[in-house]
Amino acid sequence: MTGAAATPMPAAAGPVVPETFGADRRIQFRCRKGIACWNACCSNIDITLTPYDILRLKDRLGVSSGEFLRNFAVPFEMEKDGMAGVKLKPVEGATACRFMTPEGCAVYEDRPTACRYYPVALLSMRKQGESTERDSYALVKEPHCLGHLEPRPITVGEYRREQGLEAYDELARGWRQLVLKKKSAGPTLGKPSKASLQLFFMACYDIDRFRVFVASEAFGSLYDIPEGEMSQVLADDTGLMLFAFRFLRQALFGEVTIRVHPAAAHERIERARARAAGREREAAERRAAQQDDVYEGLGEE
Ligand code: SF4
Ligand code: SF4
């Protein structure tokens with residue numbers, strides 16, 4: 001990856017050499033236009049997008065987040081009972097990236113994180129009981145990629161800087177933490193409810209819909225956010241995305257950092273209790289009706 005404007009960035013998560021290392025590890029790699037494998041990496045993609053990747057790409061394409069999700073992305077489950085993820089959709093009926101051109105990547109300046117990292121893989125891990133995650137790296141060596149034969153030594157840290165990854169990773173940190181938090185909680189949290197999955201999806205990936213949600217009367221009646229702070233939050237997509245991560249920590253994991261109006265919170269809890277009691281009552285009535293059917297049936301025999 002030379003940083004030349006036309007250099008394509010591959011993204012397929014290929015076989016990872018099972019050795020992890022830190023940012024000071026020296027690797028040998030260069031991607032350059034004219035190399036015999038030019039575009040090979042972008043012909044078979046499997047690219048998970050971060051929320052910030054989506055912001056950059058939707059702006060680049062001049063579409064709303066909803067349009068981007070409908071036309072350029074595919075949702076997937078990141079792991080069993082885990083959070084929802086989004087992948088870049090390849091060309092219709094094939095595996096190539098739709099941004100691949102003979103000259104290289106058509107969205108190079110806004111290419112996703114995975115494309116920037118290749119052939120390095122970022123492995124964020126969080127051990128049970130630990131509050132922060134640890135980053136380590138691995139090298140992806142795929143036979144078709146000849147960039148490993150180019151005589152250019154570079155440390156992973158230098159490579160990350162060259163690819164603009166420091167800013168990208170910083171802006172995706174809150175999202176990674178949420179995913180890892182769910183993962184490290186394991187079965188104790190169980191399968192997320194449909195409502196919490198939908199909330200996570202909207203807040204992380206559909207920023208235009210999340211903006212409407214945050215600006216809504218219902219949101220304002222529950223969360224006590226000073227007016228100045230609220231206009232700052234709504235001012236730009238990146239600030240709103242960072243707020244979304246904070247909001248999700250509170251909504252999904254109970255880490256309270258946003259003040260709620262006590263009366264509204266109390267009312268919501270009461271409403272939730274009433275709904276649960278209603279469901280319980282209906283279930284009891286259904287059970288009783290079934291019992292009646294059984295006894296009536298016995299009487300007819
Ligand atoms: S976004 Fe660009 S770099 Fe990434 S796979 Fe597509 S063409 Fe290649
Ligand atoms: S296969 Fe490797 S060297 Fe070839 S274009 Fe892709 S990243 Fe560059």
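**Entry 1: H1 against H10**

I started with helix H1, residues 51-61, and helix H10, residues 237-253, in this predicted model. Their axes lie 11 Å apart and the helices pack at an angle of about 160 degrees. Angles over 145 degrees count as roughly antiparallel, so I logged H1 as roughly antiparallel to H10. I then looked up the hand of the crossing of H1 and H10, and it is right-handed. Next I listed who makes the contact. H1 supplies Pro-51, Tyr-52 and Leu-55. H10 supplies Asp-237, Thr-238 and Met-241. I sorted the contact of H1 with H10 by class: four residues are nonpolar, one is polar and one is charged.

**Entry 2: H9 against H10**

I turned to helix H9, residues 227-235, and its packing with H10. The two axes come within 5 Å and cross at roughly 110 degrees. The range for roughly perpendicular is 65 to 115 degrees, so H9 goes down as roughly perpendicular to H10. From H9, I noted Gln-232, Val-233, Leu-234 and Ala-235 in the contact. From H10, I noted Gly-239, Leu-240 and Phe-243. This contact of H9 with H10 has five nonpolar and two polar residues, and no charged ones.

**Entry 3: ligand 2**

I asked which residues are closest to ligand 2. They are Cys-31, Cys-37, Cys-41, Cys-145 and Gly-147. In total, 14 residues surround ligand 2. I classed this shell as well: 11 residues are nonpolar, three are polar and no residue is charged.

**Entry 4: backbone checks**

Most residues other than glycine have a negative phi, and most peptide bonds are trans. I looked for departures and wrote down two residues. Asn-39 has a positive phi, near 75 degrees, and is not a glycine. I placed Asn-39 in the loop between strand E1 (26-28) and H1. The peptide bond from Tyr-118 to Pro-119 is cis. Its omega is near 10 degrees. I found Pro-119 in the loop between helix H3 (113-117) and strand E6 (120-125).

**Entry 5: confidence**

The chain averages 87. I also noted that 87% of the residues score at least 70. Where does pLDDT stay under 50? I found that stretch at residues 1-13. For residues 1-13, I recorded 50 contacts beyond four places in sequence in the model.

How values were computed: Residues are numbered from 1 along each chain as its sequence is written. Chains are lettered from A and ligands numbered from 1 in the order in which they are written. This is a predicted model: local features need pLDDT of at least 70, side-chain atom pairs count only at pLDDT 80 or more; totals for chains, interfaces and linings use all residues. A residue is near a molecule or strand if its C-beta atom, placed from the backbone, lies within 6 Å of it. Ala, Val, Leu, Ile, Met, Phe, Trp, Tyr, Cys and Pro count as nonpolar, Asp, Glu, Lys and Arg as charged, and the others, Gly among them, as polar. Axes are lines fitted to C-alpha atoms, for helices over the stretch in contact, and angles run from 0 to 180 degrees between N-to-C directions. Helices (H or I, at least four residues) and strands (E, at least two) are DSSP runs, numbered from the N terminus. Angles under 35 degrees count as roughly parallel, over 145 as roughly antiparallel, 65 to 115 as roughly perpendicular and the rest as oblique. A crossing is left-handed if the near helix is turned anticlockwise from the far one by less than a right angle, and right-handed if clockwise. Two residues are in contact if their C-beta atoms, placed from the backbone, lie within 7 Å. pLDDT is the predictor's confidence in each residue, from 0 to 100.
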